[in-house]
Amino acid sequence: METAILLIQCKDQMGIIAEVTQYVHMYNGNIINLEQHTDKESGDFHMRLEWDLMGYTIEKATIKFHFDQGIGKKWKMETQLYFSADTPRVAVFVSKMSHCLYDILYRVQSGEWKAELPLIISNHPNLQSIADRFGIAYHHIPISKSNKQEQEAVQRELLESHNIDLVILARYMQILTDDFASSWKNRIINIHHSFLPAFPGARPYHSAYERGVKIIGATSHYVTKDLDEGPIIAQDVTRISHVDAPKDLIKKGKDLEKLVLSRAVGLHLERKILVKGNKTVIFS
């Protein structure tokens, strides 16, 4: 069964749901999922609608135009339309740590995610053997302060030539330029430990151990030009006790990072995220 997934944002007004559902029904669409949320503070309306395309009387190529002209303009809607038959293409950026990469590769190659992963990009050669094992092209692109813009241009050319829809930063230890982040707005997902800014630097888990923390966390978010301040998609925590040594915090932290990053990517691939300003609406 192929479905259409429509994401809608606009100001809340009486009758939106009735008119949208009636519109889909009018052209022989069978709605199989509908979720909506109204932000009472801002008055913004958010909606995710999915319907079966079997027998739908509007051609796929014209559905969005037809909807925007028929209803979108009337309600001043921002809309995004996706089809379940389309397979998103993702690229993974890595440095030296492999735990998130392995998790992503498993979820793609096992079929848990409907996605294609044609390339891995890294500023270090360390994870080349993993890419080779999975039969995925590995591009080692060293980056320094002096060549950052030039090398980012190479990265962007690779992404464009492979028709990449989503970039996953799987513990990629480089800060993207504002231009790169802006060009891929809401299409780059990052993962980091939730100690920032309390425990910055290369050894955050050791710093946390020294402070005697009782929980550690991880946050996954869309990347913006403001470092680590993009719209948050997923977060989680795990408990720490006095018996945990730094190596235990690192192990628990890595497990958490894998889980939270994959949760965020899965939501994106399933088209269950709406971004409004610097916040997200996550549909179930």
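## Helices and a sheet in a predicted model

Let's start where two helices touch: I16, E19, V20 and Y23 of helix 1 meet H66, F67, I71, K74 and W75 of helix 2. Sorted by type, the residues of this contact are six nonpolar, one polar and two charged. Keep in mind as you explore that this is a predicted model.

**Helix 1 with helix 2**
- Two packed helices are described by the angle between their axes and the distance between the axes.
- For helix 1 (residues 16-26) and helix 2 (residues 63-75), the angle is about 170° and the axes are 12 Å apart.
- Angles over 145 degrees count as roughly antiparallel, so helix 1 is roughly antiparallel to helix 2.

**Helix 7 with helix 8**
- Helix 7 (residues 204-211) packs against helix 8 (residues 246-269) at about 125°, with the axes 9 Å apart.
- These two helices are therefore oblique to each other, and their crossing is right-handed.
- On the helix 7 side, Y205, H206, A208 and Y209 take part, meeting P246, L249, I250, G253, K254 and E257 in helix 8.
- Six nonpolar, two polar and two charged residues make up this contact.

- Seven strands build an open sheet with mixed pairing, in the order 7-6-5-8-9-10-11.
- Strand 7 (137-140) and strand 11 (232-239) are at the edges with a single partner strand each, so one side of each has no neighbour in the sheet.
- From one strand to the next, the twist averages 20°.
- Strand 11 pairs with strand 10 (residues 215-222) in the antiparallel sense over seven bridges, and G217 stands opposite V237 in strand 11.

**Where helix meets sheet**
- Helix 8 lies across strands 5, 8, 9, 10 and 11, running at about 155° to strand 11.

Conventions: Residues numbered from 1 in each chain as written. Predicted model: local features only at pLDDT ≥ 70, side-chain atom pairs only at ≥ 80, totals over all residues. Heavy atoms only, no water. Axes fitted to C-alpha atoms, helices over the stretch in contact; angles between N-to-C directions. Helix = DSSP H or I, 4+ residues; strand = E, 2+ residues; numbered from the N terminus. Parallel < 35°, antiparallel > 145°, perpendicular 65-115°, else oblique. Contact = heavy atoms within 4.5 Å. Nonpolar A, V, L, I, M, F, W, Y, C, P; charged D, E, K, R; others polar. Left-handed = near helix turned anticlockwise from the far one by under 90°. Pairing = 2+ DSSP bridges.
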